[in-house]
Amino acid sequence: MSVLKLEAVHKRFGEREVVRGLSLTVERGACFGLLGPNGAGKTTTLKMCLGLSTPSAGRINLLGHVLPKEAVEARKRVGVVPQFDNLDPDFTCAENLLVWGRYFGLSDASTRKKTADILEFAGLIGRDDTPVQQLSGGMKRRLTLARALINDPEFLVLDEPTTGLDPQARHLIWDRLKELTRRGVTILITTHFMDEAERLCTQLAVIDRGQRIALGTPRELIANTSEPEVIEVYGDGLAFARTAAAAFSARIEQSGETLFCYTADARALMQALAQLKDIRTLHRPANLEDVFIKLTGRELRD
Amino acid sequence: MTNLLPAVSRRWVAVWQRIYLAWRKVALGSLMYSTIEPLLYMLGMGYGLGKLVGELNGLPYIVFVATGSICFSAYMGASFEALYSAFARMHIQRTWEGILNAPVSLDDILFAEWVFAACKAAMAGTFYLIAMALMGLVKTPLALLTLPVLFLVGLCAAGIALAVTSQAKSYDFFSYFITLAVTPMSLLCDVFFPIAQMPAAVQWFANVLPLTHAVAIVRPLLTGQWPVGIALHALVLFSYGAIGFIIATRLMRKRILG
């Protein structure tokens with residue numbers, strides 16, 4: 001059974017069409033990643049998935065409720081970690097949870113009972129009375145996650161949950177999200193970090209210019225989109241390297257001072273490159289970043 | 001979303017509590033301001049100008065000023081809350097955006113803002129009353145009835161102000177509104193200067209303005225008389241507030257929910 005289903009959804013702002021016929025299904029228990037460059041329509045899509053924006057055309061169903069008509073009813077069973085922290089800066093951690101619980105109709109007593117557990121889960125033990133203003137960026141993010149769990153949601157929506165965090169904080173968030181998946185929580189996540197998507201997600205959709213351009217598990221996407229191996233070449237001899245690699249590469253791209261050679265036969269390519277001076281090479285398996293770049297191009301998006 | 005009228009659920013109370021809790025944290029400063037300001041008005045205008053004016057409509061000038069400016073103070077208090085503070089929560093702190101992720105509707109949030117602003121008007125009025133009582137300017141038990149009236153004055157002011165906030169891009173926008181549409185009422189609406197002395201055209205205009213109707217209820221109550229035409233005055237205040245709030249809801253839905 002699907003938790004979230006979008007069917008041929010369009011969204012226009014005046015002349016501009018931001019989402020153009022998007023269809024997606026998030027199955028129960030999945031960790032579904034929504035990837036796309038800036039301006040691809042991710043944030044607008046998330047807003048529509050929560051009933052906070054009305055599609056110009058198409059249908060959205062969230063947890064059996066038709067959106068945006070029954071959005072409030074559906075959101076009772078959803079937790080949201082927004083892209084920008086909107087914790088209450090004047091409140092303590094515990095007060096933030098208390099206030100949030102009231103929005104879900106929870107009694108103060110039942111929120112207080114949950115507070116210690118939830119803070120512990122988010123790595124904020126004993127921070128009950130710490131004002132939000134005194135928390136680091138990573139702690140604020142974790143408190144935002146804690147807040148989203150106050151109603152024991154079946155479905156958790158996270159918009160770039162680890163942007164701006166240091167590696168330690170990112171790993172902690174990942175651990176917690178995996179733990180939630182184990183407990184059966186369905187997750188929808190947007191991210192710009194391909195390693196994050198590869199690590200966490202069971203299903204991925206890449207969207208660009210408001211349309212879905214790829215769908216599958218991380219492995220499927222890599223297998224279907226890219227040659228299996230990549231050799232990156234750096235150094236002064238790039239022009240020679242390009243000529244030498246051409247015969248052994250399915251596809252070669254240059255980005256700034258780096259050459260990306262995509263191939264199914266890395267050994268032959270490495271041998272060809274080994275004879276050249278003035279270059280350094282890095283041999284690695286293809287990853288989601290290669291897929292993403294191939295699908296959406298190397299040009300900068302605003 | 002297609003509802004023409006605001007659709008409010010019980011969850012508005014949770015939003016009201018959030019605003020109240022945040023306010024309580026800074027209440028001390030706010031309370032000082034709320035008590036000192038009316039005292040300054042009464043002392044300055046009442047005693048200063050009162051020496052020159054003597055009595056007005058059978059009232060010492062200080063009583064005339066106090067019973068008028070309590071209404072203006074309530075009106076201002078609610079306006080500021082629904083302009084600056086609501087704008088901060090909507091746009092600067094993105095509080096509304098956060099709340100909307102929970103099972104709370106935009107209409108619930110707006111209703112909470114509306115009622116909270118009106119509560120602040122009633123509270124400003126309470127401090128004014130205490131100050132007046134301390135100075136021996138108010139002696140009638142009818143005075144207690146002014147508190148619900150000032151709540152209504154707050155609904156009136158905040159309903160209009162929320163509609164203005166829905167169109168604001170920055171705080172600057174509010175200065176125009178305050179200067180052009182709020183402050184002039186203190187000069188026209190029987191607050192400091194009796195309306196009866198004004199030219200007929202100005203009187204007619206003043207009677208259209210909401211603050212005139214607030215003063216028409218509150219001044220008699222504070223001086224121990226039952227206000228003439230209280231139902232009509234109250235209806236005018238409520239209509240301004242309710243129509244303002246309905247317009248605010250429609251404009252805010254367009255702004256926030258696209």
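First, the ground rules. This is a predicted model: local features need pLDDT of at least 70, side-chain atom pairs count only at pLDDT 80 or more, and totals for chains, interfaces and linings use all residues. Residues are numbered from 1 along each chain as its sequence is written, while chains are lettered from A and ligands numbered from 1 in the order in which they are written.

Chain A, then. It has eleven helices and 14 strands. The C-alpha trace of chain A spans about 70 × 45 × 35 Å along its principal axes. Of its 302 residues, 43% count as buried. Buried means that 20 or more other C-beta atoms, placed from the backbone, lie within 10 Å of the residue's own.

Now the sheet. Strands of a sheet pair through backbone hydrogen bonds, either parallel or antiparallel. Which sense do we have here, in the order β12-β13-β11-β14 of chain A? The pairing is antiparallel, and the four strands form an open sheet. For two strands to pair, DSSP must find at least two bridges between them. β11(A), residues 229-235, and β14(A) have seven bridges. A:I231 stands opposite A:H283 in β14(A). The edge strands are β12(A) and β14(A), each pairing on one side only. Helix α9(A), residues 238-246, lies across β11, β12, β13 and β14 of chain A, at about 5° to β13(A). Angles run from 0 to 180 degrees between N-to-C directions, and axes are lines fitted to C-alpha atoms, for helices over the stretch in contact.

Next, the interface. 21 residues of chain A are in contact with 22 residues of chain B. Contact means C-beta atoms, placed from the backbone, within 7 Å. On chain A's side, the largest share, five residues, comes from α3(A).

Last, chain B. Two packed helices are described by the angle between their axes and the distance between the axes. Helices α3(B), residues 61-92, and α6(B), residues 146-165, pack at about 35°, with axes 8 Å apart. Who makes the contact? Among them are B:A78 and B:A82 of α3(B), and B:G154 and B:A158 of α6(B).

That's the tour.

Note on methods: Helices (H or I, at least four residues) and strands (E, at least two) are DSSP runs, numbered from the N terminus. Two residues are in contact if their C-beta atoms, placed from the backbone, lie within 7 Å. A residue is buried if 20 or more other C-beta atoms lie within 10 Å of its own, exposed if 12 or fewer, and partly exposed in between; C-beta atoms are placed from the backbone.
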